[in-house]
Amino acid sequence: MKASQLFTKTSKTHPADETSKNAQLLIQAGFIDKQMAGVYTYLPLGKLVLENIIEIIRQEMNAVGGNEISLTALQPKDVWEVSGRWNDDVMDVWFKTKLANGTDLGLAPTHEEPLTQLMKRFISSYKDLPVYPYQFQIKFRNELRSKSGLMRGREFWMKDLYSFSRDQAGHDAFYERISEAYNRVYARLGVGDSTYKTFASGGSFSKYSHEFQTLSDVGEDTIYVHDGKKLAINQEVYTDEVLADLGINRSELREAKAVEVGNIFTLGTRFSEPLGLTYTDENGTVKPVIMGSYGIGPSRLMGLLAEHFADEKGLVWPENIAPFTVFIAQLGSDEKVVAASQKLYDDLQAKGVSVFWDDRDARPGDKFGDADLYGIPYRVVVSQKTVQADNFELKKRTETEATFVSWQELTKALGV
Ligand code: ATP
Ligand code: MG
């Protein structure tokens with residue numbers, strides 16, 4: 001992408017009406033725009049970051065046998081009445097609306113009911129199980145408070161996968177597999193070390209559910225971390241009984257603030273029973289399907305990563321999340337400098353490197369400022385001086401000193 005083709009601009013200052021650091025930074029850098037509290041537009045650079053996060057999750061969900069789908073945001077009332085969750089006292093975050101003829105509709109805050117109903121078309125025999133449909137979708141939730149930028153939206157992206165298994169043993173085995181897949185997702189996003197599988201309340205079909213909590217000072221959750229075992233207990237279930245259950249002493253734990261970046265949940269027959277999702281087993285017996293649900297918040301993760309990887313100059317994305325790998329700062333509009341920039345832009349892209357070329361007629365300081373604020377991992381300066389010396393000035397976003405490198409050294413530094 002060329003800067004001259006990008007419609008967004010950076011700002012010198014943070015937006016005045018934002019208190020959360022992630023929204024401040026992302027708005028200042030032109031990655032997102034605030035439509036209203038808890039509702040954000042993804043602009044070109046932000047959209048690239050979101051897609052990078054989504055792609056990592058997608059690869060890991062496909063690796064455990066997921067089938068990607070896209071369910072509808074508009075929901076009819078009846079299917080939610082069967083489970084009891086149309087009621088606002090049961091599901092307190094509904095956005096509801098009506099058709100022109102007065103028929104009630106809701107904007108999906110989650111998708112257990114419509115998916116369970118859909119699967120009745122495709123599941124009838126033990127041979128049809130197990131299956132793992134999942135999606136990336138915008139969810140709508142009328143959250144009471146929305147002060148954490150992308151971390152708590154009223155409209156936000158969620159990855160939700162649902163498991164449909166024959167029996168408890170099959171369910172338990174998948175639960176472990178996806179738990180490992182979640183660990184790989186957070187490791188690939190660069191927060192593996194600070195993300196803890198956390199025991200949380202379970203519902204009627206299992207004693208616990210598990211949240212994946214990333215340590216953060218701005219986290220809304222309080223957890224008790226066991227560093228040795230790399231696990232944690234959510235405050236909501238932090239009791240002597242649970243500690244005994246896990247064979248852990250209070251003294252081995254430290255209290256920490258954390259952000260819930262995902263969770264996995266055993267649903268049992270909570271939805272299959274009322275909605276009538278059954279299958280016939282090998283002996284001809286009709287049984288309810290055993291279900292689980294598994295969420296990850298790509299929007300929340302983007303906000304968290306923006307805060308986690310930042311310094312006083314702006315964003316500092318890891319390479320696999322960054323909107324581009326290389327930022328070319330073309331200094332001046334001398335013919336030779338333009339030609340050298342164009343060549344570098346083409347040559348790097350030919351090697352599969354994603355490149356942002358700042359081809360604007362702007363001051364060097366503005367270009368360097370944008371490169372830092374955007375958080376692009378490598379900045380390469382092309383100037384009259386570098387053209388004359390037939391080299392490039394390379395600086396990593398995480399370092400302060402630039403070095404002069406040849407084309408060979410540049411590609412080696414980029415690993416291509
Ligand atoms: P929380 O307790 O933070 O409200 P939740 O228990 O309601 O989360 P789920 O319904 O399990 O969350 O949603 C799955 C994932 O979606 C969460 O783990 C989180 O990462 C993300 N998520 C949930 N609510 C929001 C929100 N309002 N904005 C952004 N991401 C969210
Ligand atoms: Mg919630």
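**Charges and salt bridges**

Analyst: Let's begin with K34, which is partly exposed at 26% relative accessibility (buried means under 20%, exposed over 50%, partly exposed in between, using a 1.4 Å probe and protein chains only). Keep in mind that this is a predicted model, where local features need pLDDT of at least 70, side-chain atom pairs count only at pLDDT 80 or more, and totals for chains, interfaces and linings use all residues. Residues are numbered from 1 along each chain as its sequence is written, and side-chain values use heavy atoms, without hydrogens and water.

User: Which side chain does K34 meet in a salt bridge?
Analyst: E18, at 3.2 Å from N to O. A salt bridge here is a side-chain nitrogen of Lys or Arg within 4 Å of a carboxyl oxygen of Asp or Glu.

User: What does that pair tie together?
Analyst: K34 lies in strand β1 (residues 32-36) and E18 in the segment before α1 (21-28), so the pair links parts that are 16 residues apart in sequence. Helices (H or I, at least four residues) and strands (E, at least two) are DSSP runs, numbered from the N terminus.

User: And is E18 buried or exposed?
Analyst: Buried, with a relative accessible area of 5%.

User: How many salt bridges are there?
Analyst: The count comes to 30. Among them is E55 with R58, at 2.9 Å from N to O. Both sit in helix α2 (residues 44-63), 3 residues apart, about one turn of the helix.

User: New topic: where is D172?
Analyst: D172 is in helix α5 (residues 168-188), and it is partly exposed at 38% relative accessibility.

How values were computed
Chains lettered and ligands numbered in written order.
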